[in-house]
Amino acid sequence: MSVEYRPITGVWEITMGCNLRCKHCGSSCENPLDGELTTDEALRLCDDIGKLGFRWITLSGGEPTTRKDWDLIAKRLNDNGVIPNMITNGWLMNDDIAKRAKAAGVNTVALSLDGLKSTHDFIRKEGSYDRIMSAIDILTANGLNCSVITTINNINLNELNEIHNILSQKHIFGWQLQLGLPMGNMSKNSELVTQPHHVDQLIDFAYNAMIKGGVEIQLADCIGYFNKKEIEIRRKAREGDVYSWNGCAAGKYGLGILHNGDVVGCTSIRNREFIEGNIREKSLIDIWNDPTSFSWNREMTKDKLSGICQKCLFGNRCLGGCGNTKLTLGKSVYAENTYCSYNYAIKKAEAQFERLTDVQTMLEKAQKFADNNSNQLAELLLSKVLLAEPDNEEALKLYGYVSFMLENYKQSYEANKKLIEKYPSDPYINKGYGLSIAKLGDVENGILYLKKAIDLSDRKYTDPFHDLAVILCENGRNEEALSVLEEGRSISDEFKKQSEAFYQMLKA
């Protein structure tokens with residue numbers, strides 16, 4: 001099994017049969033489809049799920065309770081040490097189903113609630129809201145954790161406060177909010193689809209609800225990213241643990257299983273090209289451990305993305321956010337994620353910069369942004385300057401710096417390459433060029449340029465000492481790094497203070 005990618009959680013659509021015809025259903029579920037796994041096949045799959053070490057599996061559909069053996073599947077998962085959860089529309093919920101779920105070891109039953117009564121019934125079916133409210137009471141009375149999932153659309157976005165009040169009076173384990181994307185039935189009801197600016201509205205609601213108290217808000221992976229309020233909401237949901245979004249989980253620590261045994265990184269991503277195999281032809285264990293599986297996400301890198309995502313400060317961590325959001329809205333898993341809160345904020349700033357035309361004004365503003373560590377905004381202005389004046393040396397010099405700070409090493413390299421061809425003896429430019437090529441993989445050449453920067457300044461410019469030590473340390477050459485730092489520290493008392501923590505780490 002890959003050490004890097006260990007399965008933790010997954011969603012298994014045990015049937016595509018459903019008793020409702022919801023307007024936002026991404027799978028357009030109606031009747032059970034041909035090829036549905038038999039009970040024996042499903043139980044054997046449960047055993048493999050256990051062997052792989054999954055902690056949780058969520059049974060969904062369709063409507064999972066329309067499949068007669070749903071509780072046998074849940075129990076087999078539980079017998080294999082895997083916690084089964086379930087998502088249901090609640091229409092069929094009664095004491096018998098609740099008792100079967102409890103006996104099978106189901107931990108949490110999530111009910112789909114899509115608005116206040118008129119909205120929910122409009123989305124799903126008349127009478128379904130009342131059945132959801134009844135289902136909550138039935139589940140909690142039978143000792144099951146009951147949570148609620150709301151798929152956000154243009155109507156229920158304005159009903160969230162009232163829904164929060166209602167759910168806070170119930171015994172709800174948690175309330176998950178997720179974006180309704182234009183796929184499946186939702187693509188036929190495009191008027192229901194939210195817009196990028198609604199993401200901030202949704203985060204603001206969730207943050208204010210968290211402060212107010214009541215049912216705990218849980219934001220789905222498609223909502224974010226790097227919005228301070230969103231980070232705090234997720235930290236609170238993790239009971240104070242440090243939160244850091246590290247990209248889409250598909251094929252890394254999560255996966256999806258379709259009704260017929262097809263395996264995908266996420267059940268929302270259903271295109272044929274993203275099916276990694278079928279459990280009838282290859283075991284789930286072999287599919288997961290195949291080094292070619294889930295390559296679209298396992299091999300995702302920032303430079304493969306487009307738009308702002310490709311230059312984003314958080315790009316190497318975020319990798320563009322939710323894969324399905326990019327695929328659905330941008331038609332590619334490498335598309336720019338316009339439904340990202342940070343992306344939307346940068347786009348707003350970019351629109352404000354449109355009125356600026358004077359190069360010197362833009363350079364001055366870019367320098368101020370860089371001085372305040374607002375490198376993303378500085379990059380926007382400098383890109384605008386360099387579009388007008390590609391050889392502007394002041395802009396190239398600052399662009400090389402801010403691009404490096406944004407981890408856009410290719411752009412930093414290109415800016416510094418232009419400068420070093422004209423100023424081969426400039427210590428600052430040699431330092432920037434050396435750093436960028438080292439980060440792009442040419443470590444030895446990068447080290448040579450960093451050493452050259454030290455020599456060109458007659459050892460009076462101490463920044464290259466630190467940067468050279470960092471590159472050496474990152475490449476496992478700690479003794480050399482320590483020697484470089486010691487030389488720099490012998491030259492400048494100020495550098496000695498600045499490098500103390502790094503120095504002590506290397507000496508440890």
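Arg459 has a relative accessible area of 33% and is therefore partly exposed, a class that lies between buried (under 20% relative accessible area) and exposed (over 50%), as computed with a 1.4 Å probe on protein chains only. Its side chain meets that of Asp455 in a salt bridge, with 2.8 Å from N to O. Asp455 is likewise assigned to the partly exposed class, because its relative accessibility is 43%.

The model is predicted: local features need pLDDT of at least 70 and side-chain atom pairs count only at pLDDT 80 or more, whereas totals for chains, interfaces and linings use all residues. Residues are numbered from 1 along each chain as its sequence is written, and side-chain values use heavy atoms, with hydrogens and water left out.

Across the whole structure, the search identified 28 salt bridges, each defined as a side-chain nitrogen of Lys or Arg within 4 Å of a carboxyl oxygen of Asp or Glu. One of them joins Asp290 to Lys282, whose closest N and O atoms are 2.6 Å apart. Asp290 counts as buried at 18% relative accessibility, while Lys282, at 30%, counts as partly exposed.

A further salt bridge connects Glu500 with Arg489, at 2.8 Å from N to O. This pair links distant parts of the chain, since Glu500 belongs to helix α24 (residues 500-507) and Arg489 to helix α22 (residues 478-491), the two residues being eleven apart. Helices are DSSP runs of H or I with at least four residues, strands are runs of E with at least two, and both are numbered from the N terminus. Glu500 is partly exposed, with 31% relative accessibility, whereas Arg489 is buried, with a relative accessible area of 10%.

The structure holds zero disulfides, a disulfide being a pair of cysteine sulfur atoms within 2.5 Å. For Cys146, the closest cysteine sulfur is that of Cys22, at 17 Å, which is too far for a bond. Cys146 is buried, at 1% relative accessibility. The sulfur of Cys312 lies 6.4 Å from the closest cysteine sulfur, in Cys340, and this distance is also too far for a bond. Cys312 is buried, with a relative accessible area of 10%.
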